[in-house]
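Hi,

Here is the structure I promised to pass on. Please open it first, then read my notes below.

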Amino acid sequence: PPESMNSTKTAIILLSRSGGGKGTQAEFLREYFGKEKALSITTGDGFRDLAKRADLLAGKYIQEKVLDVGEKAPDFSTIWIWANRMIYEFTPETSVVIFDGTPRTRLEAQALDEALEFFEIENVKPLLLDVERKEAIQRLLSRARADDTRERIERRLAYYERTVKPAIEYYKIESKNQLIVIDGMPLPEKVFEQIKRVVSSK
């Protein structure tokens, strides 16, 4: 990464519909910045880990009400997952925080802006990985994850239209951290070339 990026803390927010390539680009970013300096927060993994905790009601309900049916998790639980990671893992040595899978609602976007201001992160890049719906479905069906059934995919894409788009509009219109649109249709390496150009500029 450029030297200029090392002197300031950066937040990269990856937004897209399911199948948009957020996870792949988050991993590319971790490698680019160095895993010892990058805190990568993936809320989907957080929920899947929580669902394994059969001793907790939260685990039981996340499995039954979210993962099994492909519905959106409640705002409070999503905010708790990324806020908990930031509170306990964001250290003075961390130079970049990567958010993969949040915010998914306008309320989460507002809460995230508040958290980034609290942590004095001024270089914030909300990136929309723009991928056509048909392409997203094909990608999801081909990755063979247990929760990627056609019915659940359709549900996740429906709540993208219902709840994630208002979060995207928030970054377009209200937030001081203005949305940047990335063409998510090319091969992942080509998409990352676009992202590198954006995150390397202030």
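Which pattern of α and β does the protein follow when read along the sequence? The answer is α-β-α-β-α-α-α-β-α-β-α-α-β-α. Bear in mind that this is a predicted model. The protein has nine helices and five strands.

Overall form next. The C-alpha atoms fill a box of roughly 45 × 40 × 30 Å along the principal axes. Of the 202 residues, 48% count as buried.

Helix H5 spans residues 75-89 and helix H6 spans residues 106-118. Their axes come within 10 Å and cross at roughly 20°. That angle is under 35 degrees, so H5 and H6 are roughly parallel to each other. The crossing of H5 and H6 is right-handed.

Which residues make the contact? H5 contributes Asp75, Thr78, Ile79, Trp82 and Met86. H6 contributes Leu107, Glu108, Ala111, Leu112, Ala115 and Leu116. By class, the contact of H5 with H6 has eight nonpolar residues, one polar residue and two charged residues.

Best wishes

How values were computed:
Residues are numbered from 1 along each chain as its sequence is written. This is a predicted model: local features need pLDDT of at least 70, side-chain atom pairs count only at pLDDT 80 or more; totals for chains, interfaces and linings use all residues. Side-chain values use heavy atoms; hydrogens and water are left out. Axes are lines fitted to C-alpha atoms, for helices over the stretch in contact, and angles run from 0 to 180 degrees between N-to-C directions. Helices (H or I, at least four residues) and strands (E, at least two) are DSSP runs, numbered from the N terminus. Angles under 35 degrees count as roughly parallel, over 145 as roughly antiparallel, 65 to 115 as roughly perpendicular and the rest as oblique. A crossing is left-handed if the near helix is turned anticlockwise from the far one by less than a right angle, and right-handed if clockwise. Contact means heavy atoms within 4.5 Å. Ala, Val, Leu, Ile, Met, Phe, Trp, Tyr, Cys and Pro count as nonpolar, Asp, Glu, Lys and Arg as charged, and the others, Gly among them, as polar. Buried means under 20% relative accessible area, exposed over 50%, partly exposed in between (1.4 Å probe, protein chains only).
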